[in-house]
Amino acid sequence: MWKQMVRLAGPAAVLSWLVALATFGARLPDYDQMRHPVSLLGAAGVPGADAFNLFGFLLPGALAVLACVGLLLRMPAGTPRALRVAAQMLLLSGLAFAAMGVFPLDAGDIGNRASQVHASLWLFWLVAFCTGAGALWLGARGQRGWRPLARLGLACALWMLCSAFLFNHVMPAAMAQRLAFLAWALWLALAARLLPD
């Protein structure tokens with residue numbers, strides 16, 4: 001039962017985020033998925049913000065943490081330190097994602113402290129995941145069973161970094177942000193399938 005819950009946690013996180021994004025985006029007048037940031041759906045003062053923060057940030061983040069706990073539990077005694085650090089950093093990225101729902105943007109003042117905390121959590125989510133993916137890549141050397149997961153993590157991390165820092169020069173920032181989220185979602189959806197037995 002526990003193993004099945006952990007195995008399904010990543011895909012469930014992705015499903016919760018996608019459904020919340022589509023549902024709340026459709027309900028908010030004039031909201032354009034191509035132009036507006038995801039976080040606007042959960043911003044203070046926006047109708048339905050609390051519900052979006054629950055299903056769009058808190059629940060997916062908590063499920064991502066559960067998936068990473070499963071990753072830690074699958075590591076046998078003697079696992080290289082880099083792999084353990086990787087799982088911990090990936091877990092922290094899930095916590096940061098959930099925390100974005102606790103500290104939402106302020107739609108009335110994007111530059112205030114609450115909005116700055118939210119933006120900092122987004123950056124921490126990105127950095128923690130990419131660091132974890134890099135550590136996973138390093139730790140998987142000589143560990144054949146971990147290589148497929150490490151390759152996926154590294155590819156998703158590189159895609160997220162490009163989305164965050166390069167793609168916004170050639171496409172709307174809202175689209176680049178969604179591509180970063182989708183790379184993380186891909187990792188969550190497939191990670192449990194790639195874990196070694």
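I sorted the lining of the largest cavity by class and got 10 nonpolar, 1 polar and 1 charged residues. For the classes I counted Ala, Val, Leu, Ile, Met, Phe, Trp, Tyr, Cys and Pro as nonpolar, Asp, Glu, Lys and Arg as charged, and the others, Gly among them, as polar.

The model is predicted, so I note that local features need pLDDT of at least 70 and side-chain atom pairs count only at pLDDT 80 or more, while totals for chains, interfaces and linings use all residues. Residues are numbered from 1 along each chain as its sequence is written, and side-chain values use heavy atoms, with hydrogens and water left out.

**Cavities**

I worked on a 1 Å grid over the protein atoms alone, where a cavity is a set of points that a 1.4 Å probe fits but cannot leave, and lining residues have an atom within 4 Å of a point. Points were joined across faces, edges and corners, and a volume is the space filled by probe spheres set on the points. I found 2 cavities of 30 Å³ or more.

The largest cavity holds about 90 Å³ of space. Its lining includes Arg-7, Gly-10, Cys-68, Trp-187 and Leu-188. Helix 1 (2–27), helix 2 (49–73) and helix 6 each supply at least two residues of this lining; helix 6 gives the most, with 4 residues. Helices here are DSSP runs (H or I, at least four residues), numbered from the N terminus.

The second largest cavity holds about 30 Å³. I listed its lining as Ala-13, Val-14, Trp-17, Phe-181, Trp-184, Ala-185 and Leu-188. By class that is 7 nonpolar, no polar and no charged residues. Helix 6 again gives the most, with 4 residues.

**Helix 6**

I checked the length of helix 6 (residues 173–194): at 1.5 Å a residue its 22 residues should span 32 Å, and the end C-alpha atoms are 31 Å apart, which agrees. The expected span is 1.5 Å times one less than the number of residues. Helix 6 bends by about 25 degrees at Leu-188, taken as the angle between axes fitted to the seven residues ending there and the seven starting there.

**Salt bridge**

I looked for a side-chain nitrogen of Lys or Arg within 4 Å of a carboxyl oxygen of Asp or Glu, and the structure holds 1 such salt bridge. Asp-32 pairs with Arg-35, the closest N and O atoms being 3.2 Å apart. Asp-32 is partly exposed, at 26% relative accessible area, and Arg-35 is exposed, at 54%. Buried would be under 20%, exposed is over 50%, and partly exposed lies in between (1.4 Å probe, protein chains only).

Technical notes
1 Å grid on protein atoms, 1.4 Å probe; cavity = no way out; pocket = protein on both sides within 12 Å on 5 of 7 lines; lining within 4 Å.
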